[in-house]
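I will go through the fold slowly, and I will give the cut-offs for each term as it comes up.

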Amino acid sequence: MGNLLRVTARKVIIDCDPGLDDALALVLAFGDPELEVVGITTVAGNAALERTTANALRLRAFLGTGEVPVVPGSSHALTGNRLAREGGPHGVSGLGAVTLPEPSPPPADGHAAGFITEAVRAHPGEVTLVALGPLTNVALAVRAAPDLVDQVRDLVVLGGSYTRPAPAPDFNLAADPEAAALVFGAGRAVTALGVDVAGRARAGRAVVAEMRAMGRLGRELLAPCAEFPGRAGGDEGPAVYDACAIACVINPEVAAFAPAAVTVETSGSSGGSGSAEGTHVTGAGAAAGRPLPGTTVTVLRPAGPANALVATALDVERFWELTLNAYRRLALRLG
Ligand SMILES: [Ca+2]
């Protein structure tokens, strides 16, 4: 049976910036037999690159998935701005209060963008690339190897807002708006899950109680990720955005999607002068009349060509059923 599952499992590369919800997403990816994680690539975002990479390595070790390469990528946006928002909602470490053992094997050699290109070319039409952080690595890969867009099975982006205007641009796109614009303009329909829809999946008290009952995995990783004070989301609990994107790869019926024409506001020609506009995004404070860099402008079901398939609704119950099942499966394996 194991072999049968392997044959049909969907290959994914997870480009991420762990990150509490990145961690919850990685556990889901490793716990669900529908997916075969062929690599984890890291980008600065929720913390600096050294930390997001170290966090990915720690998670890999803790989850017993040492054979999966972890490949570090970009510390800075395409414009040269720093990507990281250290000390933000994910804490200084990027993993809140979670403490995991030091990882033993180091990250793989090379750069995330090169790894993505090689892995996709090695399995044309088979690899789904899921971006859970700023889009710098993906943009670098697409820019260096334009054939990539025809060779990936799917390109899934977590970020933006497509069903309603957001008060401020979402971090993942705003951290590197030029990269985001490049990815959405790459000539292939991007599957995009915005924070407007992914934000509906929240780890409420009942969910956290279930996590806590899942042995070591639940006590030491899942529950602390969901309960970190920086992410407190009131009674509903914090949103688990990144896990939503993985769930949609496992089963697209978790969300409803519609074709859309999406453009991403960039910093414009003045962006290269050391402006930090693209890196600090959470406040509103848009310059009068012009959306902040990283803001998505969406025409749903356009008369003309669409460059994205955007999520418009989420089946929250189905999401948690799928996710908690995968967590339980991995928890059993870890004891
Ligand atoms: Ca993330």
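What follows is a walk from the whole chain to the sheet, then to the helices, and then to the core.

Before anything else, please keep in mind that this is a predicted model, in which local features need pLDDT of at least 70 and side-chain atom pairs count only at pLDDT 80 or more, while totals for chains, interfaces and linings use all residues. Residues are numbered from 1 along each chain as its sequence is written.

Let me begin with the chain as a whole. Its secondary structure comes to 13 helices and nine strands, where helices (H or I, at least four residues) and strands (E, at least two) are DSSP runs numbered from the N terminus. Of the 335 residues in the chain, 53% are buried, and by buried I mean that 20 or more other C-beta atoms lie within 10 Å of the residue's own, with exposed standing for 12 or fewer, partly exposed for what lies in between, and the C-beta atoms placed from the backbone. If we take the contacts between residues at least 6 apart in sequence, 85% join residues at least 24 apart, a contact being two C-beta atoms, placed from the backbone, within 7 Å.

Now to the sheet. In what order do the nine strands of the open sheet run? The order is 3-2-1-4-5-6-9-7-8, with mixed pairing, and two strands pair if DSSP finds at least two bridges between them. Strand 3 (70-72) and strand 8 (296-300) are at the edges with a single partner strand each, so one side of each has no neighbour in the sheet. From one strand to the next, the twist averages 30°.

Because four of its five residues are buried, strand 5 is largely enclosed by the rest of the structure. Strand 5 also pairs with strand 6, again in the parallel sense, over three bridges; here Val156 is partnered by Thr191, and Val157 stands opposite Ala192.

Strand 6 (residues 190-193) is in turn joined to strand 9 (residues 308-314) by three bridges, and these two strands run parallel. On that side, Val190 is partnered by Ala308, and Thr191 stands opposite Leu309. In a regular strand the side chains alternate between the two faces of the sheet. In strand 6 both faces are covered, with Val190 and Ala192 buried on one side and Thr191 and Leu193 buried on the other.

Which strands does helix 8 touch? Helix 8 (residues 177-184) packs on the sheet against strand 5, strand 6, strand 7 and strand 9, and its direction makes about 115° with that of strand 7. For such angles, axes are lines fitted to C-alpha atoms, for helices over the stretch in contact, and the angles run from 0 to 180 degrees between N-to-C directions. Helix 4 (residues 112-122) lies across strand 1, strand 2, strand 3 and strand 4, at about 155° to strand 2.

Next comes a pair of helices. Helix 2 (residues 20-31) and helix 11 (residues 215-227) pack at about 140°, with their axes 9 Å apart. The contact is made by Leu20, Ala23, Leu24 and Val27 of helix 2 together with Leu221, Leu222 and Cys225 of helix 11.

That brings us to the core. A nonpolar core is a set of buried Ala, Val, Leu, Ile, Met, Phe, Trp, Tyr and Cys residues joined through C-beta atoms within 7 Å. The largest one has 115 residues, and Val27, Leu129, Val183, Leu222, Cys244 and Ala245 touch the most other members. Leaving aside neighbours within four places in sequence, Leu222 is in contact with Leu24, Val27, Met211, Met214, Leu217 and Tyr327. Helix 12 (residues 241-250) is mostly covered, with 10 of its 10 residues buried, among them Cys244 and Ala245.

Finally, please look at Arg51, which is found in helix 3 (residues 49-62). Is Arg51 buried or exposed? Arg51 is buried, because 23 other C-beta atoms lie within 10 Å. Its C-alpha atom is separated by 7.0 Å from that of Gly94, 43 residues apart along the chain.
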